[in-house]
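Keep the view open while you read.

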Amino acid sequence: MGKAAFIDRRDQHLLEQIIDSATTITNAAHACVLFSNQKQLDCLFGSRCTQCSFGSVNGCSVSFANIPKKMSQLLDGEIANGYITKTDLTSFPENGSKKLSVRSQMIIPLKNSSKMPQGVLIFEANKDNTFRQRDIKIAESVSHLCAIALQKSKMLASSEKMLAASAKMNAKLKLLSDASNILLSELGNKTLSEKLDYVVMKTSEILDAQLCSLWRVEGENLSLETSYSEKGKETHDKKILSPISNKPQLGLTGYIAYECKKNRHDKGIFNRYGEELQKLKAIAKVEDPPARFVPAKDTYSELACPILDQENKFFGLLFAYNKKDENGQPLKDCGFLDDFDVPLMKILTTKIAISLRNAEQLKKLRRYELIVESTPDPVIISRRDGKIDYMNPGGFAIFGDLLGKQVGDCYYAKEGSTGLETAKEIKRQLYKTKDQRLKNYETPFLSKNGEAIPISVSVCLLHDEHGNEEGTIGIGKDLRNIKGLTDTGQSLLGLHDTDEILKQITNVAIGLSDSVRSYIKIYDEKADTMVFKALKTKNYGEVFPVKETPVEYGMTGYVFKTQIPIRSPNVHNETDYTYYNLFVGVKSKIVVPITYIDKESGNKRKLGVISVDSNSEDAFSTSDQYYLETLANYAAIALENANLISSKNTMINRLRAFERVQKSTTGKDLDVEQIYNALLEAVVDILGFHYATISAVDKNKKLIGTIKGRNVDNAFLAEPWHSLESKDIQAWVARHKEHEYLTDWDYRLDREIFEKYKHHKLVRAIIPIIARGDVLGTLETGYQKHEKAEISKEEIADLKRLVTLAAVGIEQANLLTKLKEDIALRNSLENQLDALNEASIQILNSTAEREAIDHIFRSLRSIGYNKGMLSLVDKSNQCIIGMYALGKNWQKIQTAARFELNGNNLLAHVLRSRSPRLSKNCLQDARWDKKLARKATIISQYIIPMFVKNEPIGTLQIDLSDYPDLVHGDETLFKRRMKVLETFASQSAIAIRNVRSTFTIDRLQTNIAETAHEFRSPLHNIMTQLGGLKDTLEYSQDEKAIDRFVNVIEEEIYRAKRQVDNSLLLSDRTRETLEYNFEEGLLQTVIIDCVDAYKFRALERGIRLIVRDSVKKLPPIKFDHDKIAQALTNLIDNAVKYSYDHQYVDVIGFDDGTWIKIEISDRGLGIPPKEFETIFKGFKRSETKDKFRYIPGTGLGLKICKEIVEQHGGKIGVSSVPVSHTHRRVAHYQDYKTSFKIQLPKHRKEKP
Amino acid sequence: MTKLLFVEDEPRGVDAYFPVLSRNDFQCDLAKSFDEAVEKLQTGQYDGLSLDIMFMSRRSGQKSGNPQSAGLDLLKLIRRGKIHNCDPMLKVIVLTASGNNEIKSKVTALGIHAYLTKPVGYKRVMDTYLALK
């Protein structure tokens, strides 16, 4: 009996039966069981085995040494599952010389629960058949069964029960074969759900279960697919779901599914009964859905098996509830058997898995088939040997029938290579790729007409189940149309002329084979009609029969309305629309809509339709339609780009442009920059102009220049600015406030710039940006001539409106900025004013001029003005003199700054005009001394006249050389700043005037003492002399004495009169009101009278008074006798006063023809030259006082003289020269001859 | 016989008094300048002094005097005994045209017989001088 002798014969029979069934199930040719022995594998059937193809005289036995590697791994437990191979045992040496053919084999481990297999089960396929992966599952189940049978058989080997057990085993075997029958069942015509129903039904029969159910995975849930009980199929009103979760509380079914899914790699079987099951159910508190369809009150046992596909993907669960006993009652303490029901269950789930997978694959396959069949692109499948197995209709259309021919025949024989070589090259490329897919390989193919067609081919290797290469599948893309379309599309996009676009489209469209004409109908929105546009026809002289048709008219109207393209094989058979025979003989026709889809909004704009006609039936293919649709897309884009599609579109853009600008001109934080940017954006990006620039006007500098641009050369933006008065076009527009439209060079354009930036290529519009009549700048925009040759009036009107909108915003923004600046300025000015006001109090409280000036200058410095000069008016000398300088540079020129009040100089001019003046550039100011400007490096200055009421006090010059920004900046700003200074200057003027008046009063006060003395002395002398005279008359009557008394009294009266006259002239007010009476007379009489009046006085000091003869020769002139007498008396009085004792004073006269000159000289103290001028100013008595002699005087005498002489139109001067000592009383005193010279005009000119 | 020295730079302001004073047993002398006055006072023969305030100051010496107050300076010298042979308690009548109150108070403080401000009547002057006797 051999090595398998431990197996009972009946067991062997059982095994033989199992194996038989398994053979049938797996569609195998043979099967054999090999038991593992110590040294070899023994065949179940021993030497008489004829099962395997390799069977020999020795049966299938194989020694371990000869076992293939993989099988020994299997026997060692290293590989757990069975596998498919190709005649693994061919190499068995025991096979002897028997020639073996290659067959597919399945090697399945023979094992129960232990890891180590007892042997192997070998299945061998028919010659033409191969095993599949799913067969392994079945085979494994069988193997499992065999193992169980062997085990049982061992257990019952010598038992009495053997027989009964065998009977039982037979019954089981029956079940197994039932199950295998199900696996085998074709169920071909049944739907998937019918198949599933069948399997579930059978499962309940086979497993003897009270109820069976099938649940499929639906997302995160388990959904009840079908269930069967003894009563038949259970029906359910609604879908029953149970969430797949590890919480039994949510549903026991879902929990079981979760457990099974989790353990699916380790079989994933759920098999529980009795107490164990009850415990679990207790946890699941919620109502367990299955309970509803289990007729019994409770479930006593449950068996669930996961449905897994090859990749262990979890499809669902097959449930069996309540194992029944022989009487059909549920077993309460016993459930489904691990060693029998479970394998059966697995076989059944395998069938379900296969059905589900097949269904899914079939579904996919059907779709693929549909795609492949319907695509116009050629698809070719070739076998490994290169023969073409399959071609789709698209392939037939291009290549003709090539089935069974070599794939190399598809390719166009290029120069130097054959089609076969191309095929080989493609194969090579294919192998090189990682995933063995070659994409978009472009090569010429050979069409059925023998033409070379550019095709981009994608090829992929096909494999059989065993991973062997089966052939290739290639999908081609005909590049002819695409290339043509792309070219057309490109050329269309370049066009801006609608008619041209339409013409080109029809030209291309008529290229379809068999077409006789193509034309386009465009939808006219206003008229709501379809207008015939471009027509391309093969019928000579054919024209559109009508101009337009109603919108829903005929096939084109239908397509336009529905937006669905129609390819009609025969227009006369169509029922959806009525076909009108506008053109004769049309049979087949394609109409596709031209529709623009806005990418951003997704909005569709129906533009029209393209139609292609043919006079033969069914002339066009789907690819023709596809081609035309693509063309229509290009057309739509081209038309849209042309920007002329409809007024609606333009309107939308216009609105958008306005909206863009509007947005930028509203809101809190207005910004001119942003408005300009928005304007540029609106003009270029939205309205579609080629470029745009903005020029701004600089009001202060009176310039205009480009500040911003879009789509222009940066260098252009940097070009220099133009004067607003220049002929420059921007300046022109800004001046004329009217837009300009330029198509070529113009005399207002700079030739150089015009050529540099190729402006001849442009059409340009320049639009002024005006806000409330003020030109803020200009907007220039335009097209390139080749894009668009002109700017329409409507466009210019739009631009103007845009600009107006922007201008309002700019103005507001400017106002806002100005307001902000104003507030800042006002604050700073207020601060300055506060500081100055405070200072003014100090200034006004100043008691001395110098003190006041110090305060003034300190205040100026405190508000940032460090340089300048304060000049004061010298009324008596009719000039204005730089008295006080602020800053070193001004100190340099201070002493030299002396200007005639009547002269043509800046300070006098400012005083005369009584308004301040800004001298921006002193070097260019004719009125300002350039030498002084250079010396003090003064560039700019501001001169403020200082007045108190109508009285000019002086000028305040503020040096602004360090503030060019202020000087050349905003005029209003400057004025505001200077206003502060002006206010300050007027306060300073008051202060200075006050100080000066105080000074005058002080001086007058001190002089009053002297004046009093001057009056008192002659009066006292008169009274004294009169007393003496009376006494003499009383006692002696001495004639001589009486004469002397009388003379002295007369003299003293005269002296007193002079004092009165002088004091009248002391005050300015009385001086101005004095009237002069000019009478002709001789000067000598006056001179002699005056000299006589001093005779005795002079004699008292031994001074001789000499009137020279020249005086007596002077001619008569017109003069005021009293005034001249007063002047001369003053001079003689002076001369006597300052003469040394015992000297002489002389008076000389000249007549030089024009002038009468009188010179009065004394010999005495003398006057230093530096005082020659000041002595005439009043209160300025010569500092060279007689150190030992009191010289009375008010210090006003010379001032009065000067005034009197000048009133006569004459002049007064003084000289003082040393003379030799004639009287050496004191050695160290030098005698000076001091001469006062008066010159009076011989012919006085009357003052107007 | 009472000897009087008149210090006055304008002789016509005082010379008319001389004949009357002579008749009343006065001997009158005139000094027109500071130096001249000092010179004459050093003789020590005077019983009284008629002093003007504003007149020629002294010409010699270290300090140059102020003509505005030459009389005051001279009086100071007398009262301080700085003038040789001159009685510091010499009777002094001030006769001046100066209206300067400051000087007047200073002069008065030094002790004087009378302060007469020009113009002053003939009779009043005479009464003042005659009272010196």
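Q: How many aromatic pairs does the structure hold over all chains?
A: This is a predicted model. Rings of Phe, Tyr and Trp pair if their centres lie within 6.5 Å. Over all chains, the number of aromatic pairs is 22.

Q: Is the aromatic pair of F689(A) and Y783(A) stacked or edge-to-face?
A: The ring centres of F689(A) and Y783(A) lie 4.6 Å apart, with 20° between the planes. Planes under 30 degrees apart count as stacked. The pair is therefore stacked.

Q: How many residues apart in sequence are the parts that F689(A) and Y783(A) tie together?
A: F689(A) sits in the loop between α17 (672-686) and β25 (691-698) of chain A. Y783(A) belongs to strand β30 (residues 774-784) of chain A. The pair therefore ties together parts whose separation in sequence is 94 residues.

Q: Is F689(A) buried or exposed?
A: Buried means under 20% relative accessible area. F689(A) has a relative accessible area of 3%, and Y783(A) is buried too at 4%. F689(A) is therefore buried.

Q: Is the pair of F716(A) and Y757(A) stacked or edge-to-face?
A: The ring centres of F716(A) and Y757(A) are 5.1 Å apart, and the planes stand at 80°. Planes over 60 degrees apart count as edge-to-face. So the pair is edge-to-face.

Q: Where in chain A does Y757(A) lie?
A: F716(A) is in helix α18 (residues 714-717) of chain A. Its partner Y757(A) is 41 residues apart from F716(A) and links a distant part of the chain. Y757(A) lies in the loop between α20 (751-756) and β29 (762-771) of chain A.

Q: Are α2(B) and α3(B) roughly parallel or roughly antiparallel to each other?
A: Helix α2 (residues 34-41) and helix α3 (residues 70-79) of chain B have axes that come within 11 Å and cross at roughly 25°. Angles under 35 degrees count as roughly parallel. The two helices are therefore roughly parallel.

Q: Which residues of α3(B) does α2(B) meet?
A: The crossing of α2(B) and α3(B) is right-handed. From α2(B) come F34(B), A37(B), V38(B) and L41(B). By class, the contact has eight nonpolar, no polar and one charged residues. On the α3(B) side are A70(B), D73(B), L74(B), L77(B) and I78(B).

Q: Which residues is V20(B) in contact with, leaving aside its neighbours within four places in sequence?
A: V20(B) lies in helix α1 (residues 18-23) of chain B. V20(B) is buried, with a relative accessible area of 9%. Leaving aside those neighbours, V20(B) is in contact with D1031(A), Y122(B) and M126(B).

Q: Is the peptide bond from K118(B) to P119(B) cis or trans?
A: P119(B) lies in the loop between β5 (114-117) and α5 (122-130) of chain B. Omega of the bond from K118(B) to P119(B) is near -10°. The bond is cis.

Q: Is D618(A) buried or exposed?
A: D618(A) lies in the loop between β24 (604-614) and α15 (622-641) of chain A. Phi of D618(A) is near 45°, a positive value in a residue other than glycine. Exposed means over 50% relative accessible area. At 53%, D618(A) is therefore exposed.

Conventions. Residues numbered from 1 in each chain as written. Chains lettered and ligands numbered in written order. Predicted model: local features only at pLDDT ≥ 70, side-chain atom pairs only at ≥ 80, totals over all residues. Heavy atoms only, no water. Axes fitted to C-alpha atoms, helices over the stretch in contact; angles between N-to-C directions. Helix = DSSP H or I, 4+ residues; strand = E, 2+ residues; numbered from the N terminus. Parallel < 35°, antiparallel > 145°, perpendicular 65-115°, else oblique. Left-handed = near helix turned anticlockwise from the far one by under 90°. Contact = heavy atoms within 4.5 Å. Nonpolar A, V, L, I, M, F, W, Y, C, P; charged D, E, K, R; others polar. Phe/Tyr/Trp six-rings, centres within 6.5 Å; stacked < 30°, edge-to-face > 60°. Buried < 20%, exposed > 50% of the residue type's maximum accessible area, 1.4 Å probe, protein only.
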